[in-house]
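Visitor: Please take me through one part of this structure closely, and then show how the rest of the model is put together. I would like the cut-offs stated as you go.

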Amino acid sequence: MSKLTRIKKVLIANRGEIALRVIRACRDLGVKTVAVYSEADRKALHVRQADEAYLLGPAPSKDSYLRGDKIIEIAKKAGADAIHPGYGFLSERANFAQACQDAGLIFIGPPPSAIEAMGDKVRAKQIARAAGVPLVPGIDQEAEDWQSAAETAARIGYPVLIKASAGGGGKGMRVVRSAEEIQGAFEAATREASGAFGYGGVYLEKMLENVKHVEFQLMADTHGNVVYMGERESSLQRRNQKLVEEAPSQALDDEMRQAMGRVAVAAAREVGYVNAGTIEFLVTQDRQFYFMEMNTRLQVEHPVTELTTGLDIVAEQLRIADGQPLSFRQEDIQSRGWSIECRVTAEDPFNNFLPSVGTVRRTVPPTGPGVRLDSAVYDGYEVSLYYDPMIAKLITWGSNREEAIARMERALEEYQIFGIHTTIPYHQQLLASEPFRSGDFYTTSLETNPALKPDPAARTDQRELAAIMAALFVEQRQAAGAGGVSGKNGVSGSNAEGNTATEKNAWKEFGRHEMLRRV
Amino acid sequence: MLYYSQIDGDSLKVEIYTDPEGATHVKLPDGREMQVDFQPALGEDLFSVMVDHQSHQVHIEPGENRGEYEVTLDGQVYLVNVETERQHRLNALAPRQNLQSGEIQIKAPMPGLVSIVAVEVGQAVEQGQRIVILEAMKMENELRAPRAGTVKAVNVQPGQTVEQNKVLAVIE
């Protein structure tokens, strides 16, 4: 595969695992890397792994990773040819992509016009419609009064959703299950919308129940080639945050996959899309699919597609940005086996997902057949409250779904993170649950299906074992402390009072090691 | 040696002794005995432990208070209080605080911004009732009453930024 010609050095305008992911793709292609970091991230792995690193500013994102002006300035100073925005932060800001271009830098992503068009809900739907992508019925007309709302509802069929045009956060939204409810619901929604947004306009949408979130990975180059790389199933979400993703999706068959892939490609062409992007669909139980939105960036869950297709999406992004044609054609893309991703976050699933801020004391990462870990955590890593709580993506591959699940269960068990709470135990529960195994889960299931809720009682109670181990720990410290010598097992003498003694003995140990090595 | 390990108020007497061959054993009050092998695996906090040849990996670190240890086993964190026999006797003489009827402090589990204070001083609260909402990491975190009682103090106001472990409210 050809190396890059225009891009010799890339600035990565992000942090965490995705910054590392981009650095790795750059390394594979022989491209130099420039990291940027906030004051909180001085010791972060992306800083340590990059060829160069520059401080952006204080920890809050608005003073660091969202400072597009400063990032562009650094890119110029460091002599970078291109900027990769990762996901989140500046990745879907059309004005940042434009500013990069204006500064003579290559933005590794779509053209600003495509970001802007797809970022606007109404325009995105118009584009989708023009490209022949099915939309949820009844979607883009405001209802004048309750009578016209009732007419639309009768046409598209109950249940329907009344939504505020200016809306967001569920305000001005009503579920209507029958014609008798529509007048009251319409009036309440209008009232609520004017109160919340100063504009009472509402529209109607067919309410789809028990739907799956299925998204298609797209790749487009600057030579007019657009391909789809298959789908990802991302229905398991909590507060709009995905927890588990997989590829392929159990909800599709080949015929449906091709139909969805074709319309996704058409939508990308319609908007003049370039680089990696994703079209999200809702899929109903009767196998209808509807356009939801387009994400104009690299997605968190891209690894499951990489594992099933064997292709490197990030490296391909760099080649596309370099001006090269896609290195594969549609017919070259073969999905093989099954892949699953678990997003591990620093939250306590058994305590209402309370963020777990603190220091990661130790990690024991999983390895072995079919396991990939994309993480920026290291021993001593501080989980700060300034950034997203996701600390790792654990991805497995198997020749079929069953094997991918078995490997994920094995990897989750191997993966030990000490010092903070993580969602690993919850992922173990989810993977073992009947709904997950059978595929009987939908976008709302994590909130509504009791079988998929974190259940502290389902965990093995190992209190007795923990009590014994703590006693053994104290016994060992006492023995070491009393004897005043380090045991041959590497037990450092210390007592429960503090760790000054520990540090001293660590130096003693180190000295002994040095002596031994000299021998 | 004898140790008293406590988790969530439950106490377990753990006797640890070495047999003539040098193997370590644990004896529990119900008569069960097991052979153990407790070996540091990495640093001073990660251990490989064999209990009757069942292999476990455990992380143990001293907690915030004296005699308190954080034991992480299969992804679960247990807070264990360990007393030596001597400490146990001394503590037995000291008056005990009854958790069921004493004061409970609602502390900030992490630094954050207080967005809602849902109770007032003097108010009766049910177990599980919302006390404070704390914003951190882009998320709202609901802090609830661990048991029923009366709000004795409220130390914060909405909009206030708090450090970790700040006592937000007291219930008695």
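Guide: Pro112(A) sits in helix H5 (residues 112-119) of chain A; helices (H or I, at least four residues) and strands (E, at least two) are DSSP runs, numbered from the N terminus. This is a predicted model, in which local features need pLDDT of at least 70 and side-chain atom pairs count only at pLDDT 80 or more, while totals for chains, interfaces and linings use all residues. Residues are numbered from 1 along each chain as its sequence is written, chains are lettered from A and ligands numbered from 1 in the order in which they are written, and side-chain values use heavy atoms, with hydrogens and water left out.

Pro112(A) counts as buried, at 8% relative accessibility. Buried means under 20% relative accessible area, exposed over 50%, and partly exposed in between (1.4 Å probe, protein chains only). Leaving out residues up to four places away in sequence, Pro112(A) touches Ala94(A), Ala97(A), Gln98(A) and Gln101(A), where contact means heavy atoms within 4.5 Å. From Pro112(A) to Phe289(A) the sequence separation is 177 residues, and the C-alpha atoms lie 28 Å apart.

Another helix of chain A, H10 (residues 302-309), has 7 of its 8 residues buried, so it is largely enclosed by the rest of the structure. The buried residues in H10(A) are His302(A), Pro303(A), Val304(A), Thr305(A), Glu306(A), Thr308(A) and Thr309(A).

Chain B has 1 helix and 16 strands. Its radius of gyration is 21 Å, whereas a compact globule of 172 residues would have one near 16 Å; the value is taken over C-alpha atoms, and the globule rule is 2.2 Å times the number of residues to the power 0.38. Along the principal axes, the C-alpha atoms of chain B fill a box of roughly 65 × 40 × 25 Å. Of its 172 residues, 42% count as buried. Among contacts in chain B with a separation of 6 or more, 37% come from residues 24 or more positions apart.

Between the two chains, the contact takes 47 residues from chain A and 59 residues from chain B. The area buried there is about 4800 Å², and carbon and sulfur atoms give 63% of that; buried area is the accessible area (1.4 Å probe) that two parts lose on being put together, summed over both.

Asp10(B), in strand S2 (residues 10-18) of chain B, is partly exposed, with a relative accessible area of 44%. Apart from neighbours within four places in sequence, Asp10(B) is in contact with Arg463(A) and Ser5(B). The side chains of Asp10(B) and Arg463(A) are joined by a polar contact of 3.1 Å. A polar contact is a pair of N or O atoms within 3.5 Å; within protein, one must be able to donate a hydrogen and the other to accept it, and residues adjacent in sequence count only if both atoms are side-chain atoms.

The chains share 5 salt bridges, each a side-chain nitrogen of Lys or Arg within 4 Å of a carboxyl oxygen of Asp or Glu. One of them pairs Glu464(A) with Arg32(B), with the closest N and O atoms 2.7 Å apart. Strand S6 (residues 54-62) of chain B, with 7 residues, gives the most to the side of chain B that touches chain A.
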